[in-house]
Every structure is written in C-alpha cells, then in structure tokens.
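Here are my notes on this model, as numbered points. Have the coordinates open while you read.

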Amino acid sequence: MDYEKEIKQKKLTRQQAKSKAESYCAYQERSQQEMRDKLYSWGLHPVDVEEIISDLITENFLNEERFALAYASGKFTIKSWGKIKIRQGLKLHQISQRLIHNALNQINQQAYYDKLRGLLEKKAAHLKESDPYKRRNKLAQYALSKGYENVLLF
C-alpha cells in the first residue's frame, strides 16, 4: 500500500522544491533539520537537499539563531513551557548548544517566575486533593512535566 503511494507521489524538480521550500520557510521560522526532513519527504536526492538548504541560508530564509529565539519565546509565552522542556525541543531540532543557551537567556527571569507561579496557582485551584503533602507533590509533578526546574519549586 505504501509502495503504491510512493509511486504515485510526484517527484519535484530542484527548482520546484526550492520554490516550495521558500514558501514553507516564509510561513514560519524553521530549523535546518526540519527543512531537511521536509525536502527528503518530497523525494529529493541528498545532494539537491543540501544545495537547497545552502541556498535558503544564503537568501536568509533559514536562520538557526532566529529559529531558536522564536521557538523559545513561543513555547514559553504560548505553551508555558519551562527551560528544560524548551532545551529538549531545541536539541531535537539539532540546534547548537551556544544557540540554545542564547535563546534561553532571552527569557526574562521575572516573567519566568511569574509564569511558574501563575501555572501553580491555576493548577492548585483545580486540585481536589486535601492532603497537603499529596497536593504539593501533584503541583511539583505538574511543574516538572511543563519543564520547570526542580530548584524553583517551593
């Protein structure tokens, strides 16, 4: 079944793929790895993939630093992720340690603490647990699952 689907899938020329990749990158920030995976999914040869990525970087459609900053900012403000979870997400996109460090340093510390406090207050309002130890443990587990550091809790 998958084999038949692959045969029916039309292979893109290098120029068609580049044009499509430019549109894909213009829509939102992308990492090089994300773009590489997309180009391979379009059935391109590895040499063409690397040339297209090189062109996209040269033409400023792809920028790892810009991606890292946008990713960290978006995950923090919209999804309320902590730095640990953001770091893991950036590593999955194969972003360098230096860029990860820079992106995480762009998060305002006061805003970070305020976001964590707000998350815990909101979660505490919904908890039905009456035992204070279990309640505290559930809040800590929730904060850890969102990627916040253990040392910041309580």
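1. A word on naming: helices (H or I, at least four residues) and strands (E, at least two) are DSSP runs, numbered from the N terminus. This is a predicted model, with residues numbered from 1 along each chain as its sequence is written. Local features need pLDDT of at least 70, side-chain atom pairs count only at pLDDT 80 or more, totals for chains, interfaces and linings use all residues, and side-chain values use heavy atoms, with hydrogens and water left out.

2. The largest pocket holds about 180 Å³. Here a pocket is an open set of points on a 1 Å grid over the protein atoms alone, where a 1.4 Å probe fits, with protein on both sides within 12 Å along at least five of seven lines; lining residues have an atom within 4 Å of a point. Points are joined across faces, edges and corners, and the volume is the space filled by probe spheres set on them.

3. Which helix gives the largest share of that lining? Helix H5 (residues 64-77) does, with five residues. The lining includes Phe67, Tyr71, Lys75 and His93. By class it has four nonpolar, three polar and four charged residues (Ala, Val, Leu, Ile, Met, Phe, Trp, Tyr, Cys and Pro count as nonpolar, Asp, Glu, Lys and Arg as charged, the others, Gly among them, as polar).

4. Now the rings. Rings of Phe, Tyr and Trp (its six-membered ring) pair if their centres lie within 6.5 Å; planes under 30 degrees apart are stacked, over 60 edge-to-face, the rest tilted. That rule gives five aromatic pairs. Tyr112 and Tyr148 have ring centres 5.1 Å apart and planes at 40°, so they are a tilted pair. Tyr112 sits in helix H8 (residues 109-126) and Tyr148 in the segment after helix H9 (132-145), so the pair ties together parts 36 residues apart in sequence. Ring pairs join Phe76, Tyr112, Tyr113 and Tyr148 into a cluster.

5. Phe76 also has the charged end of Lys115 over its ring, 5.4 Å from the centre. The charged end of Lys123 sits over the ring of Tyr142, at 4.9 Å from its centre. The rule asks for NZ of Lys or CZ of Arg within 6 Å of the ring centre and within 35 degrees of the ring normal.

6. Please check two backbone spots. Asn60 has a positive phi, near 65°, and is partly exposed at 44% relative accessibility. Ser80 has a positive phi near 60°, but is buried at 13%.

How values were computed: Buried means under 20% relative accessible area, exposed over 50%, partly exposed in between (1.4 Å probe, protein chains only).
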